[in-house]
Amino acid sequence: AYAYRQPYDKDFQFYATTSTPGVWLLERSAMAQRIRELRAGYPQAFIIICPHWGWNYADQDAVQQLVAQHLIQAGADLILGHGAHRLQEIGKFQDRWILYSLGNFAFGTRNPKARHALFLLLSFPSKGPPEVALRPLLVDAARVHFQPRFLQDGEGRRGLDEVVALSPALKTPLCSDGIRSRWSVSLSPQATSVSYP
């Protein structure tokens, strides 16, 4: 996990230094070196990078795209972003998936740009590719009183459609029975399908 503040500010007081604890600065060359070290030491590992990045309540930007591509080239398998306080695009680079922002997760909000968030479940069976599931959450504090809940039926479909509309990489149509929705997409070169209940 890494973080940076937008506008980019190396003097942000919560970054770790050689003498003080804190969050790990999202710095491309240091991150890429760490990924290469992990890949060399654990060749079968599934490496997930979890960056806190982006502008608040804005779409993903060129900096996020550049950093994500750099990290995938270094060997990351999945980019799982957050920090923008709203849903952002699901993208793809070199057959690796980038979830730029899952929104506010279970963090209540009153901002109309952040009514929905995504709950991510990753599982790693003993055989076969990793399994990924996304479930839409309602985090609109005016409706849930700061107790986020899962969306279902038509409301859940609208929450997932919001992500699809942002995500040109999701070319496969979203199939839904009103409660369960799924795409047949690849998460990594080893993966064959991704399910979104």
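Let's start with D140. It is buried, with a relative accessible area of 10%. Keep in mind that this is a predicted model.

What does D140 pair with? It forms a salt bridge with R115, and the closest N and O atoms are 3.5 Å apart. D140 sits in the loop between β8 (131-138) and α3, while R115 sits in the loop between β6 and β7, so the pair ties together parts that are 25 residues apart in sequence. R115 is partly exposed, at 40% relative accessible area.

How many salt bridges are there by this rule? The count is five. Take R39 and D77 next. Their closest N and O atoms are 2.9 Å apart. R39 is in helix α1, and D77 is in the loop between α2 and β4 (78-80), so this bridge ties together parts that are 38 residues apart in sequence. Is D77 buried or exposed? D77 counts as buried, because its relative accessibility is 3% and the cut-off is under 20%. R39 counts as partly exposed, at 23%.

Now D59 and R86. Their side chains meet in a salt bridge at 3.1 Å, N to O. This pair also links distant parts of the chain, with D59 in the loop between β3 and α2 and R86 in the loop between β4 and β5 (90-93), 27 residues apart. D59 counts as partly exposed, at 45% relative accessibility. R86 is buried, with a relative accessible area of 14%.

One more point on charges. Which residues are joined by salt bridges that share partners? R39, D77 and R96 form one network that way.

On to the rings. The count here is three aromatic pairs. I'll show two of them.

First on my list, Y2 and W24. The ring centres are 4.7 Å apart and the planes are at 40 degrees, so the pair is tilted. Y2 is in strand β1 (residues 2-3), and W24 is in the loop between β1 and α1 (28-41), so to speak distant parts of the chain, 22 residues apart. Y2 counts as buried, at 7% relative accessibility. W24 counts as partly exposed, at 45%.

Next, W53 and Y100. Why does this pair count as stacked? The planes are at 25 degrees, with the ring centres 5.9 Å apart, and planes under 30 degrees apart count as stacked. W53 lies in the loop between β3 (51-52) and α2 (62-74), and Y100 in the loop between β6 (96-99) and β7 (116-123), so the pair ties together parts that are 47 residues apart in sequence. W53 is buried, with a relative accessible area of 0%. Y100 is buried too, with a relative accessible area of 4%.

Last topic, the backbone. Most residues other than glycine have a negative phi. Phi of H145 is near 55 degrees, a positive value. F146 is found in the loop between α3 and β9 as well. Phi of F146 is near 60 degrees, again positive.

How accessible are they? H145 is exposed, with a relative accessible area of 58%. F146 counts as partly exposed, at 46% relative accessibility.

That's the tour. Over to you for discussion.

Notes
Residues numbered from 1 in each chain as written. Predicted model: local features only at pLDDT ≥ 70, side-chain atom pairs only at ≥ 80, totals over all residues. Heavy atoms only, no water. Buried < 20%, exposed > 50% of the residue type's maximum accessible area, 1.4 Å probe, protein only. Helix = DSSP H or I, 4+ residues; strand = E, 2+ residues; numbered from the N terminus. Phe/Tyr/Trp six-rings, centres within 6.5 Å; stacked < 30°, edge-to-face > 60°. Salt bridge = Lys/Arg side-chain N within 4 Å of Asp/Glu carboxyl O.
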